[in-house]
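Reader: Could you walk me through the labels used for this model? I would like to see each one set against its cut-off.

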Amino acid sequence: MSALLSVSDVHVAYGKVEAVRSVSLDVSENEIVTIIGANGAGKTTLLNAIMGILPLKGHVTFAGENVVALEIEDRVAAGLSLVTEHRELFGTMSVEDNLQLGAFRIAKAVAAKSFERVYTLFPRLKERRKQLAGTLSGGEQQMLAMGRALMGAPRLLMLDEPSLGLAPIIVADIFRTIGELRSAGVSVLLVEQNAQAALQIADRAYVMELGEFILNGQAKVIATNERVAASYLGFQHG
Ligand code: ATP
């Protein structure tokens, strides 16, 4: 399988402080890849750099194209999309209007299909399509942020902490939907502190500590690693 996203020897710094150091990763078509790690490990910084929000040193190719020099909107046009921790919704606009904004680049007929797809993935958004985004629950806002990103028909959806601040039952719902994206032909790069949930749905995982990947492999194997279990899954082996 050739990589859809390929990141090689990437460094990202805030002034003189390197927050991401020599990181390499790839994501294939129809693959869910997760990056797990503690607070401040550099996960958000890496996603922002891949999206073009932060400058980086190193190589990033997407669908075979070098995207390092591209503006954010050109990366979006190439099929990359990022849902940030802040969700960035327009609170005084309806669910439907927020979704419409995610479709501004695409033709009307395609947008109609995108609405159908998003409402199938998130029936709750369909029920609440006339409601103002600012009045949705935290979980519904996360669904809307993901739905809006999907309206542009991305090939790779990057999600930064989708479970942040949500009740366990909603987290389960969101993660089930992330699993469904794979069958809908969307690859996912998922950054999570909720390692347990992330490792359950991901195909592969990278473990980040202090700006570097210390471990990577099949998610099932990573979940049984002693160090991962002790540090991120809250239990000791043996
Ligand atoms: P979290 O889950 O808390 O978001 P993270 O793994 O995503 O953690 P980052 O937010 O990428 O980690 O932070 C990585 C490092 O970079 C941390 O040491 C953080 O303090 C630092 N950092 C993040 N943003 C900035 C900034 N704007 N200026 C300077 N340093 C920053």
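Author: Gladly. Helices here are DSSP runs of H or I with at least four residues, and strands are runs of E with at least two. By that count this predicted model has ten helices and ten strands.

Reader: Why are S2 and S5 called edge strands?

Author: The open sheet has four strands in the order S2-S1-S4-S5, with antiparallel pairing. Strand S2 (17–28) and strand S5 (65–66) each pair on one side only, which is what the edge label refers to. Helix H1 (residues 43–51) lies across S1, S2 and S4, at about 115° to S1.

Reader: How do you know that the radius of gyration agrees with a compact globule?

Author: For 238 residues, the globule rule gives a value near 18 Å, and the protein has 17 Å, so the two agree. Along its principal axes, the C-alpha trace spans about 50 × 45 × 35 Å. As for burial, 48% of the 238 residues count as buried. Among contacts with a separation of 6 or more, 67% come from residues 24 or more positions apart.

Reader: Why is the pair of phenylalanine 115 and tyrosine 119 called tilted?

Author: Rings pair if their centres lie within 6.5 Å, and planes count as stacked under 30 degrees and as edge-to-face over 60. Phenylalanine 115 and tyrosine 119 are 5.8 Å apart centre to centre with 35° between the planes, so they pair, and the angle falls in the tilted range. These two residues are four apart in helix H4 (residues 108–121), which means about one helical turn separates them. Both phenylalanine 115 and tyrosine 119 are buried.

Reader: How many aromatic pairs does the structure hold?

Author: There are two. Tyrosine 206 and phenylalanine 213 also form a tilted pair, with 4.9 Å centre to centre and 40° between the planes.

Reader: What makes tyrosine 206 and phenylalanine 213 buried?

Author: Buried means under 20% relative accessible area. Tyrosine 206 has 4%, so it is buried. Phenylalanine 213 has 18%, so this residue is buried as well.

Conventions: Residues are numbered from 1 along each chain as its sequence is written. This is a predicted model: local features need pLDDT of at least 70, side-chain atom pairs count only at pLDDT 80 or more; totals for chains, interfaces and linings use all residues. Side-chain values use heavy atoms; hydrogens and water are left out. Two strands pair if DSSP finds at least two bridges between them. Contact means heavy atoms within 4.5 Å. Axes are lines fitted to C-alpha atoms, for helices over the stretch in contact, and angles run from 0 to 180 degrees between N-to-C directions. The radius of gyration is taken over C-alpha atoms; the globule rule is 2.2 Å times the number of residues to the power 0.38. Buried means under 20% relative accessible area, exposed over 50%, partly exposed in between (1.4 Å probe, protein chains only). Rings of Phe, Tyr and Trp (its six-membered ring) pair if their centres lie within 6.5 Å; planes under 30 degrees apart count as stacked, over 60 as edge-to-face and the rest as tilted.
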